[in-house]
Amino acid sequence: MTRTQMFREAHQAPARCAEQLRLNADLVRQAGRQLRELAPPFAATLARGSSDQAAAFAKFLLETHAQVPTLSHAPSVGSLYHATSAQFLDVPLIAISQSGRSPDLLAAAQDARNKGAVVIAVVNDADSPLARLAQIVIPVHAGPETSVAATKSFVCTLVALTHLVAEWSQDGALLAALENVGEVLEAAARADWTSAVDLLKGASDMLVLGRGPTLPIAGEAALKLKETSSLHAEAFSSAEVAHGPMTLVGPGDPVLVLAPLDVARAGLRERLDDFAARGARVIAAGLPEDVEPAGLVLPSRTDVHPVLGAIAQIQSFYGLANELSLARGRNPDNPPHLNKVTRTL
């Protein structure tokens with residue numbers, strides 16, 4: 001594979017995640033204890049871009065492992081409308097940002113804190129304005145990231161959120177799974193998904209499917225395909241896609257399927273059969289042994305905790321995204337019209 005900055009940074013993620021868990025052990029344990037004592041009726045997330053896909057991952061974790069209903073708090077509600085509900089009193093607001101400097105996130109987080117929310121900053125820069133504003137700070141310890149397309153910071157953020165929810169919920173299986181993060185992600189980084197490049201390099205649009213823990217992963221993959229390859233990719237739930245978007249798929253159209261390793265894979269076989277009947281080019285990862293699609297199967301481990309399996313899929317995907325971008329004549333390190341820190345209000 002071509003060693004772009006994006007490639008190099010993505011491959012730093014496994015070691016960074018293992019180090020993060022070591023450095024954050026005490027503070028995340030304390031945060032989990034504090035949140036259990038708080039016992040909030042719901043939680044909220046606050047993010048944009050790749051961080052918003054991480055926020056969707058947090059929602060999945062909180063609702064399925066901690067049984068805490070979680071809403072997405074739109075930044076403009078606080079930054080423009082100043083309409084954050086007074087019901088946010090003592091509610092955890094998980095603000096997720098690589099830089100911790102986006103004006104809209106800062107304004108929305110401050111507005112929520114003014115209404116009594118407990119702001120939790122999950123951020124790469126622990127000295128950022130967002131970290132200084134928050135009551136609880138969870139550093140992701142990704143280290144400097146110079147490629148415009150986020151990779152290691154996203155993976156590290158997913159691990160930090162998993163760690164926080166595991167401590168909050170005292171989920172023994174999830175805590176035990178985190179002990180193997182470095183090994184699982186190292187294997188995922190070595191998994192070669194570039195066999196899909198030839199199927200995608202001439203595409204103009206495509207679907208990326210996930211469900212349960214892999215739906216936010218599909219969202220991040222679709223975003224990266226847009227950013228680094230100028231490929232119009234849209235993410236959908238493998239269940240939701242049958243409620244309308246399926247009509248978009250015809251002969252020769254590529255569909256990337258990121259299969260979950262838990263009960264959310266229910267109905268996946270039927271959906272893959274539907275795509276095959278339409279002549280779609282299915283590219284799939286994470287498939288259970290009893291599913292054999294008419295298409296390309298990407299290497300991925302299926303013997304790991306479903307949450308780690310989902311994180312491992314995006315780790316593997318970044319290698320594909322890097323090579324596809326280059327094959328389409330683009331620079332994955334510096335996509336046009338994008339900046340590392342997006343300043344919107």
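The exercises below, each with a worked solution, concern a predicted model.

**Exercise 1. Describe the packing of helix H11 against helix H13, giving the angle, the axis distance and the residues of the contact.**

Solution. Two packed helices are described by the angle between their axes and the distance between the axes. Start, then, with the geometry: helix H11 (residues 215-229) and helix H13 (residues 306-327) pack at an angle of about 15 degrees, and their axes are 10 Å apart. Next, classify the angle: angles under 35 degrees count as roughly parallel, and H11 and H13 are therefore roughly parallel to each other. The handedness of the crossing of H11 and H13 is right-handed. Then list the contact, to which H11 contributes Ile217, Glu220, Ala221, Lys224, Leu225, Thr228 and Ser229, while H13 contributes Ala310, Gln313, Ile314, Phe317, Tyr318, Ala321, Leu324 and Ser325. Finally, sort the residues of the contact of H11 with H13 by class, which gives nine nonpolar, four polar and two charged.

**Exercise 2. How many of the residues of H11 are buried, and what is the phi of the residue by which H11 is followed?**

Solution. First consider the length of the helix: H11 has 15 residues and reaches 21 Å from its first C-alpha to its last, which is close to the 21 Å expected at 1.5 Å a residue. Turning to accessibility, H11 is mostly covered, with 11 of its 15 residues buried. Among the buried residues of H11 are Pro216, Ala218, Gly219 and Ala222, and the buried set also includes Ile217, Glu220, Ala221, Lys224, Leu225, Thr228 and Ser229, residues that H11 also brings to its contact with H13. Last, look past the end of the helix, where H11 is followed by Ser230, whose phi is positive, near 50 degrees.

**Exercise 3. Carry out the analysis of span and burial for helix H7, and then characterise Gln170.**

Solution. Begin with the span: helix H7 (residues 152-169) has 18 residues and reaches 26 Å from its first C-alpha to its last, close to the 26 Å expected at 1.5 Å a residue. As for burial, H7 is mostly covered, since 17 of its 18 residues are buried. The residue that follows H7 is Gln170, which lies in the loop between H7 and helix H8 (172-178). Most residues other than glycine have a negative phi. Gln170, although it is not a glycine, has a positive phi of about 55 degrees.

**Exercise 4. Where does Asp90 lie, and is Asp90 buried or partly exposed?**

Solution. Locate the residue first: Asp90 lies in the loop between helix H4 (75-79) and strand E3 (92-97). Its backbone then deserves attention, as Asp90 has a positive phi of about 65 degrees although it is not a glycine. The relative accessible area of Asp90 is 41%, and the residue is partly exposed.

**Exercise 5. Characterise the contacts that helix H9 makes with H13 and with helix H2.**

Solution. Take H13 as the partner to begin with: the axes of helix H9 (residues 181-190) and H13 come within 8 Å and cross at roughly 35 degrees, and H9 passes H13 in a right-handed crossing. In this contact Val181, Val184, Leu185, Ala188 and Ala189 of H9 meet Leu308, Ile311, Ala312, Gln315 and Ser316 of H13. By class, the contact of H9 with H13 has eight nonpolar, two polar and no charged residues.

Now take H2 as the partner: helix H2 (residues 13-38) and H9 pack at an angle of about 170 degrees, with their axes 8 Å apart. This makes H2 roughly antiparallel to H9. The contact is formed by Pro14, Ala15, Cys17, Ala18 and Leu21 from H2, together with Val181, Gly182, Leu185, Glu186 and Ala189 from H9. The contact of H2 with H9 divides by class into eight nonpolar, one polar and one charged.

**Exercise 6. Which residues is Ser238 in contact with, leaving aside its neighbours within four places in sequence?**

Solution. The position comes first: Ser238 is in the loop between strand E7 (232-237) and strand E8 (254-258). Ser238 is buried, with a relative accessible area of 9%. Beyond its neighbours within four places in sequence, Ser238 is in contact with Leu209, Gly210, Arg211, Leu268 and Arg271. For Arg271, the separation from Ser238 is 33 residues in sequence and 7.2 Å in space, C-alpha to C-alpha.

Methods
Residues are numbered from 1 along each chain as its sequence is written. This is a predicted model: local features need pLDDT of at least 70, side-chain atom pairs count only at pLDDT 80 or more; totals for chains, interfaces and linings use all residues. Side-chain values use heavy atoms; hydrogens and water are left out. Helices (H or I, at least four residues) and strands (E, at least two) are DSSP runs, numbered from the N terminus. The expected span of a helix is 1.5 Å times one less than its number of residues. Buried means under 20% relative accessible area, exposed over 50%, partly exposed in between (1.4 Å probe, protein chains only). Axes are lines fitted to C-alpha atoms, for helices over the stretch in contact, and angles run from 0 to 180 degrees between N-to-C directions. Angles under 35 degrees count as roughly parallel, over 145 as roughly antiparallel, 65 to 115 as roughly perpendicular and the rest as oblique. A crossing is left-handed if the near helix is turned anticlockwise from the far one by less than a right angle, and right-handed if clockwise. Contact means heavy atoms within 4.5 Å. Ala, Val, Leu, Ile, Met, Phe, Trp, Tyr, Cys and Pro count as nonpolar, Asp, Glu, Lys and Arg as charged, and the others, Gly among them, as polar.
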